[in-house]
2 protein chains.
Amino acid sequence: MNSINKNDIKVFRTENSKLDQTDFENLAFGQVFSDHMLTCDFKDGIWQKPIIEPYGPISLMPSAKIFHYGQSIFEGMKAYKDKDGKVFLFRPMENVKRLNKSAKRLAIPELPEDFFMEGLKALLEVEKDWIPEKEGSSLYIRPFVFATGEGFHASPANQYKFIIALAPSGAYFAGKVKVLIEEKYSRSANGGVGYAKAGGNYAGQFYPTQLAKDKGYQQVIWTDDTSHEYIEEAGAMNVFVRIKDTLLTSPTSDRILDGVTRKSVLKIAEDEGIKTEVRKVKVSEIVEAAKNGDLKEMFGAGTAAVISPISGFGFRDEDFELPELENSYAMRIKKRIVDIQTNKAEDPFGWRVQV
Amino acid sequence: MNSINKNDIKVFRTENSKLDQTDFENLAFGQVFSDHMLTCDFKDGIWQKPIIEPYGPISLMPSAKIFHYGQSIFEGMKAYKDKDGKVFLFRPMENVKRLNKSAKRLAIPELPEDFFMEGLKALLEVEKDWIPEKEGSSLYIRPFVFATGEGFHASPANQYKFIIALAPSGAYFAGKVKVLIEEKYSRSANGGVGYAKAGGNYAGQFYPTQLAKDKGYQQVIWTDDTSHEYIEEAGAMNVFVRIKDTLLTSPTSDRILDGVTRKSVLKIAEDEGIKTEVRKVKVSEIVEAAKNGDLKEMFGAGTAAVISPISGFGFRDEDFELPELENSYAMRIKKRIVDIQTNKAEDPFGWRVQV
């Protein structure tokens with residue numbers, strides 16, 4: 001059972017659609033969920049047949065390992081509708097492959113790629129009316145896997161559940177994003193799980209992020225846990241820094257997520273003739289550039305936020321504002337990505353996948 | 001509502017006790033669960049009144065943040081019965097305080113100490129027949145908290161659940177424990193969450209531990225993620241090394257769990273006139289001592305395993321066996337701890353708490 005076609009997936013339809021009660025004009029991010037979800041259980045050593053069923057509660061024993069040992073991974077994707085109502089995904093196989101990279105590191109059994117892709121296609125057919133048409137909105141797709149097997153022994157579970165749930169969503173950030181470059185707390189260790197989309201990577205960021213919020217910042221830029229001299233990522237996004245006319249970003253590593261948007265930014269920048277450098281970026285270099293006027297822009301890149309221009313950053317009790325540029329790299333690259341995603345422009349890279 | 005007495009806690013009793021069907025002579029670790037559990041919800045900004053109810057399934061929406069962002073923490077404790085049937089806990093306030101230290105780091109609202117302690121006492125009264133009397137067995141107590149609040153936004157949940165579940169248990173390790181000193185993978189980062197009992201700290205260890213198991217080891221001894229030159233802990237236990245007649249263990253830090261058994265071992269060693277040193281311990285020092293015969297013993301210390309003598313270790317494709325000692329520190333200290341826990345000896349430290 002390693003191959004499946006979307007038409008083979010059984011659909012159990014809800015009799016109580018929430019579609020009519022949903023306000024598509026005023027969507028927050030990831031707060032409203034569509035009518036159906038794809039579910040798939042791992043038991044007896046294999047992934048069982050996925051099904052589509054009404055979105056609703058899951059029943060778990062208190063000894064399920066998800067509650068105790070953090071065995072959970074996820075992905076973030078989006079579906080877009082063009083003006084003719086055609087539905088598109090953006091580089092979906094990148095997410096399929098990354099989910100399985102995360103699975104391996106978290107000792108979760110890898111999922112047959114078809115179960116994910118064909119399952120998602122089948123789900124999007126059932127839920128196509130949930131894809132927002134308003135500019136800046138999209139259907140956020142959340143595939144995730146967690147341990148359902150039981151026991152108070154710190155070892156991998158023998159049962160898991162894979163779910164794809166859907167949330168029609170507006171923008172991830174409301175308003176400007178100011179970031180704090182963090183030197184005390186860290187996101188991930190050398191040889192750790194930072195490159196995986198593991199649940200535990202996120203919970204660990206909440207407290208330091210709250211401290212940053214209390215000081216007026218929306219996000220933290222993490223630095224390496226050894227020296228705190230180099231920037232890493234922002235937790236929910238990879239980070240780009242433009243010094244003079246060069247766009248810099250940190251190389252991926254076992255501490256940094258290999259972001260799909262990050263990769264796409266680099267490719268488009270190259271295509272636009274923008275000079276890029278993928279190398280370790282020193283905090284001191286950013287601060288110096290901010291002081292002498294060479295720091296032109298900073299932005300985050302991630303599926304949820306797409307491209308988020310950063311309006312300023314804090315470092316060691318100093319605050320730095322970034323200029324507002326007319327024709328920023330961030331806006332140029334964002335437009336090209338969004339136009340490809342929403343079928344408004346040609347797709348020279350073959351990134352768009354019609355469902 | 002920050003204070004509660006155990007007699008105020010409502011008890012909803014099961015009508016289907018599993019007590020008669022439980023084989024107390026052949027208990028594994030953490031595989032069988034007692035009839036009742038304590039549950040307590042955080043909502044509307046406060047921890048609600050705890051109740052005792054039948055152990056059974058929990059219902060959660062797929063968007064509950066536990067599935068996505070790893071907001072979960074736990075504790076491990078044990079209850080013991082003496083020959084007269086009196087019930088004891090071992091240093092329980094250490095667990096109460098550590099749960100709240102973990103809570104703070106994971107951005108989970110701290111629990112009123114009474115809810116935990118009075119709740120546990122009430123639960124143990126209801127479940128006292130579940131405490132094994134057989135030597136080497138005990139009632140393993142698992143208090144845990146996880147995020148039930150919903151949303152696909154990487155931020156702390158607004159609702160949580162605290163549960164205490166009980167598992168009558170035998171030994172954690174069956175047979176000898178051989179460990180591998182790990183140099184590639186790491187457990188925790190400087191400035192990370194390694195000192196907290198957070199779910200994510202455990203899932204991250206499973207894959208490297210599996211690789212070690214494939215080579216014939218039961219556990220991994222983690223080293224610092226920066227240099228891999230110093231030993232840290234073993235994931236489910238703190239580590240002690242005896243070189244000549246001195247007992248060494250690593251200092252706690254933001255990467256290492258402040259183990260209750262670890263603390264107790266140090267105190268008893270002092271009481272027994274054993275020389276101890278709490279300092280960074282180099283891997284090279286252990287290897288050299290193993291080669292020249294100065295390495296007398298190694299053992300792990302933790303609630304689940306109590307004291308686990310280590311029979312040998314692997315490092316860089318070399319295997320080192322440890323001698324079998326007649327009167328090892330491990331066995332001397334273990335006997336003193338277990339005798340205090342089970343009311344077989346005096347308790348000069350005031351560690352035992354009768355329920």
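Is B:R91 buried or exposed? With a relative accessibility of 15%, B:R91 counts as buried, where buried means under 20% relative accessible area, exposed means over 50% and partly exposed lies in between (1.4 Å probe, protein chains only).

## About this model

This is a predicted model, in which local features need pLDDT of at least 70, side-chain atom pairs count only at pLDDT 80 or more, and totals for chains, interfaces and linings use all residues. Residues are numbered from 1 along each chain as its sequence is written, chains are lettered from A and ligands numbered from 1 in the order in which they are written, and side-chain values use heavy atoms, with hydrogens and water left out.

## Chain A as a whole

Let us start with the overall build. Chain A holds seven helices and 19 strands; here helices (H or I, at least four residues) and strands (E, at least two) are DSSP runs, numbered from the N terminus. Its radius of gyration is 21 Å, close to the 20 Å that the globule rule gives for 355 residues, so chain A is as compact as a globular protein of that length. That radius is taken over C-alpha atoms, and the globule rule is 2.2 Å times the number of residues to the power 0.38. Along the principal axes, the C-alpha atoms of chain A fill a box of roughly 60 × 55 × 35 Å.

Of the 355 residues in chain A, 60% are buried. Contacts (heavy atoms within 4.5 Å) between residues at least 6 apart in sequence join residues at least 24 apart in 72% of cases. The chain exposes about 14200 Å², with carbon and sulfur atoms supplying 45% of it; accessible areas come from the Shrake-Rupley method with a 1.4 Å probe, and for residues only the protein chains shown count as cover. As for charge, chain A has 48 positive and 51 negative side chains, and the centres of the two sets lie 2 Å apart. Lys and Arg count as positive and Asp and Glu as negative, while His and the chain ends are not counted; each charge is placed at NZ of Lys, CZ of Arg, CG of Asp or CD of Glu.

## A covered strand in chain A

Strand β7 of chain A, residues 77–81, is mostly covered, with five of its five residues buried. In a regular strand the side chains alternate between the two faces of the sheet. On β7(A), A:M77, A:A79 and A:K81 point one way and A:K78 and A:Y80 the other way, and all are buried.

Which strands does β7(A) pair with? Two strands pair if DSSP finds at least two bridges between them. β7(A) runs antiparallel to β9 (residues 138–147), joined by three bridges, and A:K78 stands opposite A:Y140 there. β7(A) also pairs in the antiparallel sense with β8 (residues 87–90), again over three bridges, with A:Y80 opposite A:F88. Five residues separate β7(A) and β8(A) in a hairpin, and A:G85 in the turn has a positive phi of about 85°.

## A covered strand in chain B

In chain B, strand β12 (residues 238–243) is mostly covered: six of its six residues are buried. B:N238, B:F240 and B:R242 lie on one side, while B:V239, B:V241 and B:I243 lie on the other.

β12(B) pairs with β15 (residues 295–302) in the antiparallel sense over six bridges, and B:R242 has B:E297 as its bridge partner. Four bridges link β12(B) to β13 (residues 246–249), also antiparallel, and here B:F240 is partnered by B:T249. β12(B) and β13(B) form a hairpin with two residues between them, and B:K244 in the turn has a positive phi of about 50°.

## Loop residues worth a look

Back to B:R91: this residue sits in the loop between β7 (87–90) and α2 (92–105) of chain B and has a positive phi of about 45° although it is not a glycine. In chain A, A:K244 also has a positive phi, of about 50°, without being a glycine. A:K244 lies in the loop between β13 (238–243) and β14 (246–249) and is partly exposed at 48% relative accessibility.

B:P57, in the loop between β3 (51–54) and β4 (58–60) of chain B, is exposed at 55% relative accessibility. Setting aside residues up to four places away in sequence, B:P57 touches A:S59, A:L60 and A:M61. A:E272, in the loop between α5 (260–271) and β15 (275–278) of chain A, is partly exposed at 27%. Beyond its neighbours within four places in sequence, A:E272 is in contact with A:R332 and A:R336. The C-alpha atoms of A:E272 and A:R336 are separated by 9.8 Å, with the two residues 64 apart along the chain.
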